[in-house]
Amino acid sequence: MLRSGSADNGTAHVRECAVIVPWWRRRRYWLSALLFLGFAFFTTMRANLSIVIVCMVKHGSPHNATNLAYNGSDWSNTTYSVRGTETDSGKCPSRTVPGSSNEQDGEFEWSKELQGVLLGGYFWGYSVGFQILGGWLSQRYGPRKMLAVGMLPAAVGCILSPLAVRISPFLFLAVRIVTGITTSVMFPSGPVFWSRWAPPEEWSRLLTTTNAGGEFGHAIAFPINGLLCKYGGWEMPFYVVGSLSVIWCIVWLLVSRDSPSEMPGITEAEKNYIETSIGDRVTSKRTYKTPWCQMLSSRPVWACVISHMTANFFFYMILTQAPTFLNEILKFDITSNGFYSSLPYVVLVSLVMPIGALSDYLTTKGFLSLSGVRKVMNTLGMLIPAAFLLGLAHLPCSEPLVGVALIAASVGTFAFCFLGHIVNMADIAVMHAGTLAGFSNTLASMPGIIAPYVVGYITKQGTPEEWRTAFYIAVVLNVVGSVVFVLFSTGTAQPWALPAELNTTTIIDEQENPDENHELDTMIIVSNKNVPDSHKREIIEGERLISSNSSIHRAHDV
């Protein structure tokens, strides 16, 4: 899409170039598919331990046996029983569930606390990694290199994980931390790559396709790793996923380039179309100083951050602990466990687009203001999952398939949050949305450390009562995050969030100054006489578009 002042013949030329190359020969589509696979492998490495740990640890340890780590070092000096037998008081009895078998057992006697620490190890590295700097590093050194730098060490670490486990669980913990650090550059690098490759009318489509690979990775990680565990041993998932990721890195470096002009084999028509369409998007991007003081003292900012953190406690708890719950309480074997653990993410992916369309419909038709839509969506995305989680907490042991449905429904309806606090960062921060998203996601990664350990500490005996307590904590946090967002959030762009050249701004809320010609709940009136009115709107809308896409996909990359 050209600027409004472009010549008609230029527009015609661009459109001609857009259709002259068959879709199967367009390099940007092949790169999109390749990045989809890369993000799938990345999130598969992140999630694989959640299911693999079920077949790594011993589930039939003697009741009240002293709990030691594999290398003999005392982890907690406590006693525990992971699952016990049918006669253990307070536990769900073993039973035959269609499609399941409870014969698997692992080789490591790890305490529930140690398991929680290992499951949270990835998020230790991810939270202190390069999420805020990731975009800048990609702009400085090129997104092609940064994507490979993020993936390759994690892939090698995945392959070496079985060796690390047998040496010491703490060496394995170090590998997981390094994996989190290196892969933290992945999601911030995606928008930078597509800013150089995606024509404006394909920007959202290509970026969304790439990031959808992440959710696809979550969906396939559980069933595939479950099958590999059952038929190849617990080491096999690490070897297979790590090897495929190394192969992906090699292919990516060989076939990708940072821009169309550097791409071998690209047709002149496609190169000209992309370069003419994006114009000077990359070279003319302004660099603004981040207004940290104003940002960190903003109530709407902290409404997003707090809601993000509390929601992530729920999400990461399910991501890391659902396979263990399915094993301890619902008694599914590793194969069925992997399949049922993937269902929540299939439901989540399937609901994102319809919910997004509903959000746009409510806004454009004027049923709710933008602020109202964000608050409603966020409330639904936190309270509906909390309600399903309460149902799961009180589920009888005799209803395993109902439990699976409740987990799937709780994670699936979490999709409402994508149109709540996540996209709201672009609403309020506009040109600084990427920075805010990186800051928020850094803090919101910490629940990934806390949730597995808290659940492991609470559920030492693996009883329904212990799991009920863990679920209550997530429910309470979801309610708190929802209330905070309703009270303090807004859909209005904040004064510190607008471009610097628009030096005098007045933000008028629609309720105070209604205008039937405006569909959104905010109007931005710019009084800088040195900037033409048409250019003011172009600057604001352009920055909002770029920041919105960056924020959505950087703020919540689970």
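Colleague: Which residue's side chain meets that of Glu328 in a salt bridge?

Modeller: A word first: this is a predicted model, in which local features need pLDDT of at least 70, side-chain atom pairs count only at pLDDT 80 or more, and totals for chains, interfaces and linings use all residues. Residues are numbered from 1 along each chain as its sequence is written, and side-chain values use heavy atoms, leaving out hydrogens and water. A salt bridge is a side-chain nitrogen of Lys or Arg within 4 Å of a carboxyl oxygen of Asp or Glu. At 3.1 Å from N to O, the partner of Glu328 is Lys112.

Colleague: How many residues apart are Glu328 and Lys112?

Modeller: Glu328 sits in helix α12 (residues 299–328), and Lys112 in helix α3 (residues 112–127). Helices (H or I, at least four residues) and strands (E, at least two) are DSSP runs, numbered from the N terminus. The pair links distant parts of the chain, being 216 residues apart.

Colleague: Is Glu328 buried or exposed?

Modeller: Buried means under 20% relative accessible area, exposed over 50%, and partly exposed in between (1.4 Å probe, protein chains only). Lys112, at 4%, is buried. Glu328 has 2% relative accessibility, so Glu328 counts as buried.

Colleague: Which residue pairs with Asp427 in a salt bridge?

Modeller: In this salt bridge, the side chains come to 2.5 Å, N to O. The partner of Asp427 is Arg374.

Colleague: Which helices does the pair of Asp427 and Arg374 link?

Modeller: These two residues are 53 apart and belong to distant parts of the chain. Asp427 lies in residues 421–429 and Arg374 in residues 370–393, which are helices α16 and α14.

Colleague: Which residues do salt bridges that share partners join into one network?

Modeller: The structure holds ten salt bridges. Those that share partners form one network, made up of Arg28, Glu202 and Glu270.

Colleague: Are α2 and α3 roughly parallel or roughly antiparallel?

Modeller: Axes are lines fitted to C-alpha atoms, for helices over the stretch in contact, and angles run from 0 to 180 degrees between N-to-C directions. Angles under 35 degrees count as roughly parallel, over 145 as roughly antiparallel, 65 to 115 as roughly perpendicular and the rest as oblique. The axes of α2 and α3 come within 9 Å and cross at roughly 170 degrees. That makes this pair of helices roughly antiparallel.

Colleague: Which residues in α3 do those in α2 meet?

Modeller: Contact means heavy atoms within 4.5 Å. From α2 come Phe42, Arg46, Leu49, Ser50 and Ile53. Their partners in α3 are Gln115, Leu118, Leu119, Tyr122, Phe123 and Tyr126.

Colleague: How many nonpolar residues does the contact of α2 with α3 have?

Modeller: Ala, Val, Leu, Ile, Met, Phe, Trp, Tyr, Cys and Pro count as nonpolar, Asp, Glu, Lys and Arg as charged, and the others, Gly among them, as polar. The contact has two polar residues and one charged. Its nonpolar residues number eight.

Colleague: What share of the residues in the chain is buried?

Modeller: The secondary structure comes to 20 helices and four strands. Among contacts between residues at least 6 apart in sequence, 84% join residues at least 24 apart. Of the 558 residues in the chain, the buried ones make up 58%.
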